[in-house]
Amino acid sequence: MNSRLNQLLNIALIGILSLLYSNSFSQCDDPLNFTQQDELDQFFLDNPTCVHLGDVTITNGNGGDEITNLDAFSNVEFIESLTILDYNVNMDVSGLSNLTDLWSLSGFMLKDYSFCANITNIDYLNIEYYGFYDPNFDFYGTVDLEGFDGLQWADHINICIDIEMGAEIDIFPNLTELNTLSFDTPLSSYTQIDYFSGFHALESIELIYFDYFHFNVLEIGNSLETITTLDYNYTGTEDFVSFINVHTISDCNIISAGYNWITLPALQECSSADFQLDGWESFNFPMLHTVSNLSINFGEIYYPQGSYWDPTINIPLLTSCNNFTLDGDHLSSSNVLAPININFNSLATVSNNFKLHSTLLEDLSAFPSLVTIGNDLRIIDNPELSYCSIDVICNKLNAAPNDVTITGNSGYCAEVGDVAIACAIPTISGQVYYDINCNQTFDADDIDIPYPLIMDNASNFIGATSANGNYVIVAPPNGLLTFVPVPQPG
C-alpha cells in the first residue's frame with residue numbers, strides 16, 4: 001500500500017516539476033515587451049534561468065518610463081529577435097554583452113552596438129539612426145558601428161542612418177558572406193555622409209539596393225567582385241559611388257538624379273543594364289565589354305553644355321549587345337539645354353533591336369563602329385537629329401526596309417524617305433488623298449489623307465504618310481508595289 005502511494009506521489013512530483021519547468025521555459029520563449037526599467041529588472045529576478053529568449057522589444061522613452069540600462073540581461077546568451085527603440089538615446093546596453101547568438105536585430109536611435117562583439121552570424125540586421133536636429137530628437141550625434149567587427153555572415157543588412165556633415169564610416173571589415181545589403185531612405189535630406197566605406201572582406205552578394213541614400217563618397221567592398229543585382233535609386237548632390245573591383249553584375253539598375261559620378265572601373269560583364277539619368281550625372285564603365293540588354297533613359301538635364309557638370313555616359317569597350325535603347329521619355333524641352341556626351345566607340349553589333357527615342361543626339365557619331373543591327377531599327381522623335389545616313393543605317397534600310405521605323409526627327413533624318421534619299425536608295429513618292437472629281441490629279445477640292453499606314457500587297461508595313469498625305473518610301477527590289485492606305489485609329 002505504502003509502495004503504491006509512494007509511486008503516486010513520485011508521479012505527482014514529477015508532473016509538478018515538469019509543469020514548473022514548462023511554464024518557466026514558456027515565459028522565456030514568449031514575446032517580451034519592456035517599456036520600464038522596473039518591469040525589465042523584475043522579469044529577470046522572477047526568471048533567473050532565462051538565458052535563451054524569443055522575441056524581445058525594448059522601448060526607451062516615447063510614452064514609457066526611461067530605461068537607463070540593460071544589466072538584467074547579463075546572463076542572456078541567445079535572443080531570437082531583438083528590437084531596441086532608444087528614443088532617449090542614452091541607454092546603457094553593455095548588459096547584452098554576453099550574447100553569442102542573435103538571429104534578428106533592429107535598432108532605432110541606438111548609438112552603441114558594442115554588445116554585438118561576439119555575434120558572428122545574423123539573419124537580419126536593421127540600423128536606423130538620425131543624427132541631426134529635429135523637434136522630436138533635440139541633439140546631434142553619431143552612431144558607433146564598430147561592434148560589428150566580428151560579424152562574418154548575414155542574410156540581410158539594412159542601413160538607414162543620417163549623420164551630421166563630415167562623418168566618416170568604415171564598417172563590417174570581416175563580413176565574408178551577405179545576401180542582401182540595402183541602404184534605405186533617411187528621415188532627412190539635409191545631412192550627408194562624407195565618406196562611407198566597408199564590407200571589404202565581401203567577395204559576392206545577391207542584391208545591393210539604394211533608396212535615396214546620400215553619400216559624398218561611397219566605396220564598398222575592396223574584395224567584392226560579383227553582384228547578382230544592383231539597384232541604385234537616388235536623388236542627391238555631388239555623390240561619387242564606386243565599386244572598385246566588381247567585374248560581374250547580372251542585373252544593374254541605376255536611377256540617379258543630382259550631380260553624381262557612378263563608376264564601376266572593373267566591371268566587364270552585365271546581363272542586363274538599365275540606367276536612368278534624372279540630373280547631371282557621369283556614368284563611367286571603362287572596362288565594360290559585354291552586356292546582353294542595355295537601356296538608358298534620360299530625365300531632366302538642365303545645365304548648359306560646357307559647364308563643369310557636363311553629363312557623360314562612357315562605355316568605350318562595349319562591342320556587342322542583344323538589345324540597345326536610348327530613350328528620353330522623361331525629357332522636357334523646357335529644362336533640357338544641352339546634349340549628353342555619349343561614348344560607345346567600340347559598339348559594332350546589336351544582334352536584335354536598336355532604338356533611339358526622344359534623345360538629344362544631333363548625329364550618330366557616338367556609334368562610329370556600329371556595323372550590324374539584327375532586327376528592328378527605330379529612330380523616333382529625336383528633335384535635334386538631322387543626319388543619320390551612316391553606313392549601318394543605309395545598309396539596314398536597303399536590305400530590310402520593313403524592319404526600319406524612322407520618323408519625327410529633323411533634316412535629312414526626319415522620315416524614312418529622307419534617310420533613303422540621303423543614302424541614295426531608290427524611293428517611291430506620292431500623295432494619298434480623296435480624288436473628289438476622279439481625275440487622278442490632286443485639285444483644290446480634293447482632300448488629303450494624313451498619317452495612314454502604307455502596306456504592301458503582302459500586308460507588310462512599309463511606311464506612313466505625312467500630315468498632308470505625302471510619302472517617300474523605299475522602292476521594292478522588283479519595282480512592283482501595291483499601296484493600301486490604312487487610316488490609324490483616332
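Strands S3 (residues 78-86) and S4 pair in the parallel sense over seven bridges. Strands here are DSSP runs (E, at least two residues), numbered from the N terminus, and two strands pair if DSSP finds at least two bridges between them. The model is predicted: local features need pLDDT of at least 70, side-chain atom pairs count only at pLDDT 80 or more, and totals for chains, interfaces and linings use all residues. Residues are numbered from 1 along each chain as its sequence is written, and side-chain values use heavy atoms, with hydrogens and water left out.

Leu85 has Phe108 of S4 as its bridge partner. S4 also pairs with strand S5 (residues 121-130), in the parallel sense, over five bridges. Here Ser104 has Tyr124 of S5 as its bridge partner. S4 spans residues 101-108 and is mostly covered, with six of its eight residues buried. Buried means under 20% relative accessible area, exposed over 50%, and partly exposed in between (1.4 Å probe, protein chains only).

Three salt bridges are present in the structure. Each requires a side-chain nitrogen of Lys or Arg within 4 Å of a carboxyl oxygen of Asp or Glu. Lys355 and Asp327 form one of them, with the closest N and O atoms 3.7 Å apart. Lys355 lies in strand S22 (residues 349-357) and Asp327 in strand S20 (residues 320-327), so the pair ties together parts 28 residues apart in sequence. Asp327 is buried at 7% relative accessible area, whereas Lys355 is partly exposed at 28%.

Lys396 and Asp403 meet at 3.6 Å, N to O. Lys396 is buried at 10% relative accessibility; Asp403 is partly exposed at 27%.

Definitions and conventions. Helix = DSSP H or I, 4+ residues; strand = E, 2+ residues; numbered from the N terminus.
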